Amino acid sequence: MAMAWASYLETGIEVIDNQHMRIVDYINRLEEAINGSDKSLVGLVLVELEDYCLSHFAFEEHLQEQAGYKFAAEHKATHENFAKRLGKYREKYKAGEDVAQQLHSMLSTWLVHHIKRDDMAYVPDVTGGIDRMNGDRQKGDWLTRSVAGFFGKDS
Ligand SMILES: [Fe+2]
Ligand SMILES: [Fe+2]
């Protein structure tokens with residue numbers, strides 16, 4: 001069943017919510033590819049999904065550092081652990097192991113859990129940090145430029 005976006009996943013930081021929604025889209029694309037038994041598509045979605053998650057993590061870590069978030073190091077470690085797990089699945093998949101379904105359920109469970117527990121915790125500090133950075137650097141929108149730095153101009 002496709003994963004649905006729900007209001008309890010909203011952090012209220014628009015740029016972050018958009019990125020989380022995009023990860024949910026990737027998870028659903030992965031499910032479609034698995035259901036369609038299209039192995040090359042599964043492989044392609046896996047690469048894109050991993051790539052997007054890593055950019056999202058780096059972006060979140062950047063916001064946390066800028067905001068002086070107390071648990072930035074712990075949050076980063078959580079991202080790194082997950083990235084390692086993701087990488088292991090990707091390797092197994094590449095080696096011909098049928099792990100796509102397992103990876104799909106791990107991903108959807110992890111994402112919900114991580115947003116609810118870890119991402120929500122940085123919201124007050126990061127929201128304050130964004131306001132401060134935008135206020136300090138009045139020549140243009142600091143946040144927009146930060147997003148472009150991690151995801152490219154079209155993100
Ligand atoms: Fe996140
Ligand atoms: Fe996170």
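# Iron site and nonpolar core

The site of the iron ion (ligand 1) is irregular, with angles of 84 to 169 degrees among its four donor atoms. This is a predicted model. The site links distant parts of the chain through Glu-60 in helix H2 and Asp-119 in helix H4, which are 59 residues apart. The briefing covers the iron site, then the core.

**Iron site**

- The protein donors of the iron ion (ligand 1) are His-20 through NE2, His-56 through NE2, Glu-60 through OE and Asp-119 through OD.
- These donors lie 2.1 to 2.2 Å from the iron ion (ligand 1).
- Along the chain, the donors of the iron ion (ligand 1) have the spacing H-x35-H-x3-E-x58-D.
- Glu-60 coordinates both the iron ion (ligand 1) and the iron ion (ligand 2), and the two ions are 3.4 Å apart.
- Both Glu-60 and Asp-119 are buried.

**Nonpolar core**

- The largest nonpolar core has 45 residues.
- Within this core, the residues that touch the most other members are Ile-13, Val-42, Phe-59, Leu-63, Leu-107 and Leu-111.
- Two or more core residues come from each of helix H1 (14-35), helix H2 (39-67), helix H3 (72-94), helix H4 (100-136) and helix H5 (142-151).
- H4 contributes the most, giving 12 residues to this core.
- In soluble globular proteins, nonpolar side chains tend to be buried together.

**Contacts of Leu-63**

- Apart from neighbours within four places in sequence, Leu-63 is in contact with Ile-16, Val-126, Ile-130, Trp-142 and Leu-143.

Methods:
Residues are numbered from 1 along each chain as its sequence is written. Chains are lettered from A and ligands numbered from 1 in the order in which they are written. This is a predicted model: local features need pLDDT of at least 70, side-chain atom pairs count only at pLDDT 80 or more; totals for chains, interfaces and linings use all residues. Side-chain values use heavy atoms; hydrogens and water are left out. A nonpolar core is a set of buried Ala, Val, Leu, Ile, Met, Phe, Trp, Tyr and Cys residues joined through side-chain atoms within 4.5 Å. Buried means under 20% relative accessible area, exposed over 50%, partly exposed in between (1.4 Å probe, protein chains only). Helices (H or I, at least four residues) and strands (E, at least two) are DSSP runs, numbered from the N terminus. Contact means heavy atoms within 4.5 Å. Donors are N, O and S atoms within 2.8 Å of the metal (3.2 Å for Na, K and Ca); water is not among the atoms, so sites may look incomplete. Four donors count as tetrahedral if all angles lie between 85 and 135 degrees; four count as square planar and six as octahedral if opposite donors are over 155 degrees apart and all others between 65 and 115; anything else is irregular.
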